[in-house]
Amino acid sequence: MENNRIIDIQNISKSFAGGTEALKNINLYIRKNEFITLLGPSGCGKTTLLRTLAGFEQPTSGKILFNDENLLDIPPYKRKINTVFQKYALFPHLDVYGNIAFGLKIKKFDKATIDEKVANALKTVGLKGYEKRNIDEMSGGQQQRIAIARAIVNEPEVLLLDEPLGALDLKIRQSMQAELKSMQQRLGITFVYVTHDQEEALTMSDTIVVMREGEIQQIGTPVDIYNEPKNAFVADFIGESNIISGIMVKDRVVTFSGSTFDCLDGGFGENTPVDVVVRPEDVNICGLEKAPLKGTVMSIVFMGVHYEIKVNIDGFTWLIHSTDSANVGSEIGFYLDPDDIHIMVKG
Amino acid sequence: MTRKYFAYPYLAWMVLFIVVPLLLVVYYAFTAEAAGTISFSLQNIAGFFSTTTLNVFAKSIWLAVLCTVICLLLAYPVAYILASSKINSRTLMVWFVLPMWMNFLLRTYAWLIILDSNGIINQVINLFGLPSAQLLYTNEAVLLGMIYNFLPFMILPIYTALTKIPRNLYEAAEDLGANSTTKFFKITVPLSMPGIISGFTMVFIPSITTFSISRLLGGAQTMLFGDLIENQFMFMQDWHAGSAISFVMMILMLISLYIMTRYEKAGESSGGLW
């Protein structure tokens, strides 16, 4: 086993009392100092997996190794893992200092050490000198910072974050994303981050784990996941996509929307039905006479950097991001480069 | 704007049943009747500080404190189990509230039958060839009656406070290294404090002023403060002395409540009186 693996999840399954299978045979390893994101729609099992790591859920079967030790034998309060909870879960009866010092007091540090560690943690989250404040006097963003400070002050080896930015508004969320990322790099802690926000996942993560209905769909770097989605679900969930039914004629040749295209994929066999995925920004508008695909513009919306154009071809609505404009009702043509056509097994 | 008219019946009710009686108590407390004329007087108030009254007062407080503390010790585990039980705790709760549907006096009479010298307990004792014990007309009998009657008033607010504690706070505490004992003392107890305080109030005040329980179960031996006030009104026909005692006690009670709620900062949780 590679020794930079801090957590090794092996064949973890979890079914709840009602019979719902939250996790189906999950295999995943997490490297030291990695920012790994569990991404998926609600109900995909990402939170259950996180809670299993924290110790609040016991898996039905499988094994988790933490630094080569069996993690499932260790009760939550003894794990060197801390959690930032979705709704912060700050203690309302304690002030900021009391919240952050909670874990340190249990570990019986002396007063001077606790004071110093609390002050440092507050500095890290940018709330220096807030020790004596009450929790309910603080804004959502500040409460979130306290929750992070409360976790990192214990110097965990792994920090679990359960949709920590979900309740914040866009502006604060974006600045917190950048801050979390730099905090992770500075502190050298492994972050396991749960979110349903694909943009958040793409901007912050070293590794993204896309999950759906208790199963891992794809594990990879943000670039891999975005450019080489393994199936139509991942393609659709990460960014916007055109997903068209097509026929793989033979290796590197595919037909869809009434035209034949060269592509880079192969190994699907001959005349196999497949899903063809094309990112909206990979569609190139060109003159009608040379265009393999032609359609009527249904709508056009100015998005700032680009126009979002919807074009109807044989009943399928293509989504196109282009810096070129077009008139609604007019006919436009476009082509696709072979490396922008992604072929997937029909899902 | 016009909605405030809706509150008028309540206002009238308050004036009629709370403000007027209170004013009457104050009026009688500070007046004396001599030869048919009524005049301002402090002698009734001074009467409160006589040795006999103070002795009764001390005994009442002692029994009320005992009753409240025992109620708390009994109620907390019950409320805790109810609040954390997986099965529908509302149905369980009914069993604790059920006795309250029966008339208060009737419930107390039931203890009369149980504790009587020929009562159920003594019959059982006699079966083993032991002599009957004097159970009724003791301080302990009064205490038992008070605990029995007031226990639900301690369980309910604590139960409510416990169910209001968000689950994720326990998980957060556990995550930060708290074992079950630490979780209980650092999360459960402080966050259920508003319930403990309102339970304390709801048990302490009725038990300090009770007269029917002490009359029935304590007989003539146990004279409590409630009995004293009742005696002044019903037997001595001295409304002035009775009102004065009631008034002083009310003031003392308000002061103690104020100190208690201030001390616990319960005002924050809006559960206290202040």
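How many residues of chain B are in contact with chain A? In this predicted model, 14 residues of chain B are in contact with 16 residues of chain A. Two helices of chain B matter here: helix H8 (167–175) and helix H9 (180–191) each supply at least two residues of the side that touches chain A. H8(B) gives the largest share of that side, six residues. By class, the side of chain B that touches chain A divides into seven nonpolar, four polar and three charged residues.

Stay with these two helices of chain B. How are H8(B) and H9(B) placed against each other? Their axes come within 10 Å and cross at roughly 135 degrees. Angles over 145 degrees would count as roughly antiparallel, and H8(B) is therefore classed as oblique to H9(B). The crossing of the two helices is right-handed. From H8(B), the contact takes in B:Leu169, B:Tyr170, B:Ala173 and B:Glu174. From H9(B) come B:Lys183, B:Lys186 and B:Ile187. The contact of H8(B) with H9(B) has four nonpolar and three charged residues, and no polar ones.

Chain B also holds a strand hairpin. Strand S1 (residues 31–34) and strand S2 (residues 37–40) of chain B run antiparallel and are joined by four bridges. One of the paired positions is B:Ala32, with B:Ser39 in S2(B) as its bridge partner. Two residues lie between S1(B) and S2(B). In that turn, B:Ala35 has a positive phi of about 50 degrees.

Now turn to chain A. The domain assignment gives domain 1 (5–232) and domain 2 (243–345). How many Å separate the centres of these two domains of chain A? Taken over C-alpha atoms, the separation is 39 Å.

Next, a helix pair in chain A. Two packed helices are described by the angle between their axes and the distance between the axes. Helix H2 (residues 96–106) and helix H4 (residues 140–152) of chain A pack at an angle of about 30 degrees. Their axes lie 7 Å apart. Why do H2(A) and H4(A) count as roughly parallel? Angles under 35 degrees fall in that class, so H2(A) and H4(A) are roughly parallel to each other. H2(A) passes H4(A) in a right-handed crossing.

The residues that meet can be picked out on the model. A:Val96, A:Asn99, A:Ile100 and A:Phe102 belong to H2(A). They meet A:Ile146, A:Ala149 and A:Arg150 in H4(A). Sorted by class, the contact of H2(A) with H4(A) has five nonpolar residues, one polar and one charged.

Strands come next. One open sheet of chain A has five strands in the order S13-S12-S11-S14-S20, with antiparallel pairing. Strand S13 (259–262) and strand S20 (342–345) stand at the edges of this sheet. Each has a single partner strand, so one side of each is left without a neighbour in the sheet. With direction ignored, neighbouring strands here are turned by 40 degrees against each other on average. Follow one pairing in detail. Strand S14 (residues 272–278) of chain A runs antiparallel to S20(A), and four bridges join them. A:Val277 has A:His342 in S20(A) as its bridge partner.

A further open sheet of chain A has five strands in the order S15-S19-S16-S17-S18. Its pairing is antiparallel. Which strands form its edges? They are strand S15 (284–286) and strand S18 (316–322) of chain A, each pairing on one side only. The twist in this sheet averages 50 degrees from one strand to the next. Within the sheet, strand S16 (residues 293–302) and strand S17 (residues 307–313) of chain A run antiparallel. Six bridges join this pair. Look for A:Phe302, which stands opposite A:Tyr307 in S17(A).

Key
Residues numbered from 1 in each chain as written. Chains lettered and ligands numbered in written order. Predicted model: local features only at pLDDT ≥ 70, side-chain atom pairs only at ≥ 80, totals over all residues. Contact = placed C-beta atoms within 7 Å. Nonpolar A, V, L, I, M, F, W, Y, C, P; charged D, E, K, R; others polar. Pairing = 2+ DSSP bridges. Axes fitted to C-alpha atoms, helices over the stretch in contact; angles between N-to-C directions. Domains from an automatic or database assignment. Parallel < 35°, antiparallel > 145°, perpendicular 65-115°, else oblique. Left-handed = near helix turned anticlockwise from the far one by under 90°.
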